[in-house]
Amino acid sequence: MLFIEYPKCTTCQKARKWLDENGIKYESRHIKEDNPTYDELTEWYNRSGLPLKRFFNTSGMLYKSMGLKDKLDTMSEEEQLKLLATDGMLVKRPLIISDNMILTGFRQKEWEEKLK
C-alpha cells in the first residue's frame with residue numbers, strides 16, 4: 001500500500017499516526033518531492049470511481065491562488081489531470097493507493113471501514 005503525504009500537513013500526520021496505531025503497513029511517498037505523474041493520476045482516477053474534483057486539494061493556497069474553483073468546470077478531464085501532475089500541492093492528500101482501493105483525504109470513519 002502506498003501512502004502519499006506532505007509531511008508538514010497536519011491531516012497527513014494524523015493519518016500516518018492512525019495507520020501506525022492500527023499496524024497497517026505502507027510505503028510512504030512525499031507528494032512535493034515525488035509528485036504523482038499524469039499517468040499515475042489517470043490510472044488512480046479511473047480505478048477510484050471518485051469524481052475528479054476529489055483529487056484536488058481545494059483548501060490549498062495554490063488551488064485558491066490559481067482560481068481553480070471557477071476554472072475546473074470549463075476544463076476537460078485530461079486538462080485537469082495534466083494540471084494535477086504539475087504540482088503535488090494541488091493534489092488532495094493524503095492518498096492511499098492499494099491494489100483494490102484509492103482513498104483521498106483522511107476521513108477516519110472511511111479509513112476504518114476500508115482498511116481494517
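Predicted model: local features only at pLDDT ≥ 70, side-chain atom pairs only at ≥ 80, totals over all residues.
Two residues are in contact here when heavy atoms lie within 4.5 Å. On that basis, among contacts in this protein between residues at least 6 apart in sequence, 64% join residues at least 24 apart.

The protein contains 6 helices and 4 strands, arranged along the sequence in the order β-α-β-α-α-α-α-β-β-α. Its radius of gyration is 14 Å, close to the 13 Å that the globule rule gives for 116 residues, so the protein is as compact as a globular protein of that length. Taken along the principal axes, the box filled by the C-alpha atoms is roughly 40 × 25 × 25 Å.

Of the 116 residues, 46% count as buried. The accessible surface amounts to about 6700 Å², and carbon and sulfur atoms account for 47% of that area.

The protein carries 20 positive and 19 negative charges, whose mean positions are 7 Å apart. Across the whole structure, 9 salt bridges are found.

One of these salt bridges joins lysine 17 to glutamate 21, with 3.6 Å between the closest N and O atoms. Both residues belong to helix H1, which spans residues 10-21, and their separation of 4 residues corresponds to about one turn of the helix. Lysine 17 has a relative accessible area of 52% and is therefore exposed, the threshold being over 50%. Glutamate 21 likewise counts as exposed, at 57% relative accessibility.

The side chain of arginine 29 meets that of aspartate 34 in a salt bridge, at 3.2 Å from N to O. Aspartate 34 is partly exposed, with a relative accessible area of 40%.

Arginine 29 also forms a salt bridge with glutamate 40, where the closest N and O atoms are 2.8 Å apart. This pair links distant parts of the chain: arginine 29 lies in strand E2 (residues 27-30) and glutamate 40 in helix H2 (residues 38-48), the two being 11 residues apart. Glutamate 40 is partly exposed, with a relative accessible area of 22%.

Terms used
Residues numbered from 1 in each chain as written. Heavy atoms only, no water. Rg over C-alpha atoms; globule rule 2.2 N^0.38 Å. Buried < 20%, exposed > 50% of the residue type's maximum accessible area, 1.4 Å probe, protein only. Areas by Shrake-Rupley, 256 points an atom, 1.4 Å probe, with all protein chains shown as cover. Lys, Arg positive; Asp, Glu negative; His and termini not counted. Charge placed at Lys NZ, Arg CZ, Asp CG, Glu CD. Salt bridge = Lys/Arg side-chain N within 4 Å of Asp/Glu carboxyl O.
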